[in-house]
Amino acid sequence: VRHIEELDLPDTLQFRGKVNCSHEVGPDTVPAYDPQHDDAGCFVTHQSENNCYNYATDISTDTFAQPGRGTGHKWKANTCAAVRVAAESDGLEWKGTSLPSSAPSEGHYVALFIWPDTNFHWIRMDSAGNWSHKPGGTPVRNTDNKGREIHDPSKSDFSPWSQFCGYMHVVPSMVKPDRMKEELLV
């Protein structure tokens with residue numbers, strides 16, 4: 001089993017028309033579950049270059065974004081506390097462990113899970129009130145690992161990410177999830 005935390009990046013940027021998938025920021029509203037159009041389709045056309053943190057923050061970077069890397073405070077231990085602090089340095093706001101009962105007036109909610117001592121995973125609340133996610137470089141989906149729609153992430157199956165950490169609030173225009181691909185290649 002290979003555990004991917006970061007990917008080697010290609011030396012060239014890929015552009016699709018006027019869309020720059022290395023820096024496509026979603027709106028500061030709760031996103032709809034629409035992978036084909038979300039962030040100009042970058043989570044589909046650049047599927048292998050964007051991960052769960054990119055999808056959760058609604059920002060395509062083509063860098064397999066890591067919490068804290070964009071602000072110079074990348075997590076060092078794979079624990080709820082360490083990944084939470086790194087995400088907070090990017091601009092996410094901790095909300096606790098209670099399931100949000102309604103959409104925020106700005107931005108959207110995400111849930112953090114940990115695969116103990118291995119990796120993290122993020123789940124995103126969509127405008128219909130359900131949740132969706134993008135495991136690593138795989139397709140976006142709105143079901144858990146048992147094929148069930150996600151109504152409450154804390155009660156869903158995201159194994160091997162078995163440790164539920166809690167919820168955070170994201171406003172995409174205020175988040176710095178990663179350096180631009182160009183900055184990482186310098």
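Predicted model: local features only at pLDDT ≥ 70, side-chain atom pairs only at ≥ 80, totals over all residues.
A charge sits over a ring if NZ of Lys or CZ of Arg is within 6 Å of the ring centre and within 35 degrees of the ring normal. Lys74 meets this for Trp75, lying over its face at 4.9 Å from the ring centre.

Residues are numbered from 1 along each chain as its sequence is written, and side-chain values use heavy atoms, with hydrogens and water left out.

**Overall layout**

The chain has 4 helices and 9 strands. Helices (H or I, at least four residues) and strands (E, at least two) are DSSP runs, numbered from the N terminus. Their order is β-β-β-α-α-β-α-β-β-β-β-β-α. Of the 186 residues, 48% count as buried. Buried means under 20% relative accessible area, exposed over 50%, and partly exposed in between (1.4 Å probe, protein chains only). A contact means heavy atoms within 4.5 Å. Among contacts between residues at least 6 apart in sequence, 64% join residues at least 24 apart.

**Helix α3 and the cores**

Helix α3 spans residues 80-90, and its buried residues are Cys80, Val83, Ala86, Ala87 and Asp90. They cover an arc of only 140° around the axis, so they are on the same side of α3. The arc is that of the directions from the helix axis to the C-beta atoms. The face turned away from the buried side carries exposed Ala81 and Val85. The buried residues of α3 pack against α2 (52-57), β6 (108-115), β7 (119-125) and β9 (163-170). Just after α3, Gly91 takes a positive phi of about 120°.

A nonpolar core is a set of buried Ala, Val, Leu, Ile, Met, Phe, Trp, Tyr and Cys residues joined through side-chain atoms within 4.5 Å. In the largest one, with 20 residues, Leu92, Phe120 and Trp122 touch the most other members. Elements giving two or more residues to this core are α2, α3, β6, β7 and β9. Helix α3 gives the most, with 4 residues. A second, separate core of 10 residues includes Ala111, Met125, Trp131 and Ile150.

**Aromatic pairs**

The whole structure holds 8 aromatic pairs. Rings of Phe, Tyr and Trp (its six-membered ring) pair if their centres lie within 6.5 Å; planes under 30 degrees apart count as stacked, over 60 as edge-to-face and the rest as tilted. Two of the pairs are set out here.

| Pair | Centre to centre | Angle of planes | Type |
|---|---|---|---|
| Tyr53 and Trp122 | 5.2 Å | 45° | tilted |
| Trp75 and Phe120 | 5.5 Å | 90° | edge-to-face |

Tyr53 in helix α2 and Trp122 in strand β7 are 69 residues apart. Tyr53 is buried at 0% relative accessibility, and Trp122 is buried at 0% too. Trp75 lies in the loop between β4 (59-60) and α3, and Phe120 in strand β7, so their pair ties together parts that are 45 residues apart in sequence. Trp75 is buried at 7% relative accessibility. Phe120 is buried at 4%.

One aromatic cluster is formed by Phe113, Trp131, Phe158, Phe164 and Tyr167.

**A buried aspartate**

Asp38 sits in the loop between β3 (24-25) and α1 (42-45). At 8% relative accessibility, Asp38 counts as buried. Leaving aside neighbours within four places in sequence, Asp38 is in contact with Phe43, Tyr55, Asp58 and Arg124.
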